[in-house]
Amino acid sequence: AAEAALRKPLPAFPEGFPRDAPKGDDLSALMQLDFKGRVHLVNGANEAKLDWSKLQQAKVLGFDTETRPVFQKGVAPNPTALLQLSTEEECWIFQLLEPIGVSEAAKKKLQVGVGLQ
């Protein structure tokens, strides 16, 4: 069943939104944005100072993760190293890995459909 789901054709993108990522000159021609807000680096040493209410009350959060890639077939993926959450005004970068990563309690608060171990 899983293989059949992978073979299904992808749905059409809305008009004007190409499916493939831009490359080369097309990538260089894209507008660049500068984040002028405050950036918080959160780890085990300072997570107790984090104001969770700003994240909990945000109407929209940008979300990104960073994981060291694995280039060998059959090798388990590396754990997620960083989680970034951002509003228009502020960005939080959570360091997840030992020895400086956030606590297990903080990771539980951050679980949003991505496997954070």
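Reply: Phe 94 is buried, its relative accessible area being 0%; here buried means under 20% relative accessible area, exposed over 50% and partly exposed in between, with a 1.4 Å probe and protein chains only. The model is predicted, so local features need pLDDT of at least 70 and side-chain atom pairs count only at pLDDT 80 or more, whereas totals for chains, interfaces and linings use all residues. Residues are numbered from 1 along each chain as its sequence is written, and side-chain values use heavy atoms, with hydrogens and water left out.

A search of the whole structure finds one aromatic pair. Its members are Trp 52 and Phe 94, whose ring centres are 6.0 Å apart with planes at 20 degrees, so the pair is stacked. The rule applies to rings of Phe, Tyr and Trp (its six-membered ring) with centres within 6.5 Å; planes under 30 degrees apart count as stacked, over 60 as edge-to-face and the rest as tilted. Because Trp 52 belongs to helix 3 (residues 52-56) and Phe 94 to strand 4, the pair ties together parts that are 42 residues apart in sequence. Trp 52 is also buried, at a relative accessible area of 15%. Helices (H or I, at least four residues) and strands (E, at least two) are DSSP runs numbered from the N terminus.

Glu 90 lies in this strand as well, which spans residues 90-95. With 13% relative accessibility, Glu 90 counts as buried. Leaving aside residues up to four places away in sequence, Glu 90 touches Phe 35, Arg 38, His 40, Lys 54 and Leu 85, contact meaning heavy atoms within 4.5 Å. Towards His 40, the side chain of Glu 90 makes a polar contact with the side chain of that residue at 2.4 Å. Such a contact is a pair of N or O atoms within 3.5 Å; within protein, one must be able to donate a hydrogen and the other to accept it, and residues adjacent in sequence count only if both atoms are side-chain atoms.

Side chains of opposite charge can pair when their charged atoms come close. Glu 90 and Lys 54 meet through their side chains in a salt bridge (3.0 Å, N to O), the criterion being a side-chain nitrogen of Lys or Arg within 4 Å of a carboxyl oxygen of Asp or Glu. This pair links distant parts of the chain, with Glu 90 in strand 4 and Lys 54 in helix 3, 36 residues apart. Lys 54 is partly exposed at 37% relative accessibility.

By this rule the structure holds two salt bridges. The other partners are Lys 107 and Glu 104, with the closest N and O atoms 3.5 Å apart. Both residues lie in helix 4 (residues 104-110), three residues apart, or about one turn of the helix. Lys 107 counts as buried at 5% relative accessibility, while Glu 104 is partly exposed at 48%.

Between strand 4 and helix 4 runs a loop that contains Pro 99. The peptide bond from Glu 98 to Pro 99 is cis, with omega near 5 degrees, whereas most peptide bonds are trans.

Of its 117 residues, 21% are buried.
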